[in-house]
Amino acid sequence: MTTSDDRTPTRLRHTPSWLINLASAHSHRLLAEGFTAAGARGYHYRLLAALEEYGPASQADLGRRSGIDRSDVVAALNELAAKNLVDRSPDPSDRRRNVITITPEGSLHLAELDKVLTRIQDDLLAPCHRASARGSPNCWSASSTTTRRTAARITIGDRW
């Protein structure tokens with residue numbers, strides 16, 4: 001990240017690991033903003049996508065499939081259930097366990113979130129496409145704003 005007041009050493013600023021970290025942080029910001037605008041969180045998308053792809057599952061299985069900690073799965077499923085996006089029912093083979101199923105409303109919401117995610121991916125990669133169209137050797141470049149509203153530039157060149 002280079003800004004007028006940046007104190008990060010130059011030799012660090014231009015390393016792929018540093019730039020990947022900045023790109024990851026930028027990606028997370030875009031995802032959080034996009035999902036929030038759609039009334040969702042990243043956990044919601046991950047859980048709904050797992051249910052749509054693999055079918056009904058226990059909370060523990062959903063946690064494993066989506067990479068979400070068990071306690072966070074419960075909280076996110078509570079939010080999804082409150083919006084009627086998932087249904088919880090007792091597991092017929094073990095009444096102590098719940099089986100989670102995506103509802104028709106949940107499938108529609110997931111389709112909306114798929115569109116949001118596609119827009120986010122396009123926004124994230126747009127600088128790469130612009131650079132490529134200009135014949136630039138850079139494979140990824142993006143602008144972001146720091147908390148001080150300083151324009152920052154992330155550039156990953158042909159260092160790979």
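This is a predicted model: local features need pLDDT of at least 70, side-chain atom pairs count only at pLDDT 80 or more; totals for chains, interfaces and linings use all residues.
T103 sits in the loop that links β3 (94-102) to α6 (104-133). Leaving aside residues up to four places away in sequence, T103 touches N84, L85, V86 and D87. One of these, V86, brings in the sheet, since β2 covers residues 86-91.

The sheet itself is open and is built from three strands, in the order β1-β3-β2, with antiparallel pairing. β1 (57-58) and β2 (86-91) take the edge positions; each has a single partner strand, so one side of each has no neighbour in the sheet. Between β2 and β3, the antiparallel pairing runs over six bridges. Within this part of the sheet, R88 stands opposite I100 of β3.

Two helices pack on the sheet. Helix α3 (residues 42-54) touches β1, β2 and β3, and its direction makes about 95 degrees with that of β3. Helix α5 (residues 70-82) touches β2 and β3, with a direction that makes about 120 degrees with that of β2.

Helix α5 also meets another helix. Its axis and that of α4 (residues 59-66) come within 9 Å and cross at roughly 105 degrees. The two helices are therefore roughly perpendicular, as 65 to 115 degrees is the range for that label. On the α4 side the contact involves Q59, L62 and G63, and on the α5 side V73, V74 and L77. Sorted by type, the residues of this contact come out as four nonpolar, two polar and no charged.

Over in helix α2 (residues 16-37), the 22 residues reach 31 Å from the first C-alpha to the last, close to the 32 Å expected at 1.5 Å a residue. The buried positions in α2 are L19, L22, A23, H26, S27, L30, G34 and F35. After α2 comes G39, with a positive phi near 75 degrees.

R119 counts as partly exposed because its relative accessibility is 49%. R119 and L31 are 88 residues apart in sequence, yet their C-alpha atoms are 9.9 Å apart in space.

Methods:
Residues are numbered from 1 along each chain as its sequence is written. Side-chain values use heavy atoms; hydrogens and water are left out. Helices (H or I, at least four residues) and strands (E, at least two) are DSSP runs, numbered from the N terminus. Contact means heavy atoms within 4.5 Å. Two strands pair if DSSP finds at least two bridges between them. Axes are lines fitted to C-alpha atoms, for helices over the stretch in contact, and angles run from 0 to 180 degrees between N-to-C directions. Buried means under 20% relative accessible area, exposed over 50%, partly exposed in between (1.4 Å probe, protein chains only). The expected span of a helix is 1.5 Å times one less than its number of residues. Angles under 35 degrees count as roughly parallel, over 145 as roughly antiparallel, 65 to 115 as roughly perpendicular and the rest as oblique. Ala, Val, Leu, Ile, Met, Phe, Trp, Tyr, Cys and Pro count as nonpolar, Asp, Glu, Lys and Arg as charged, and the others, Gly among them, as polar.
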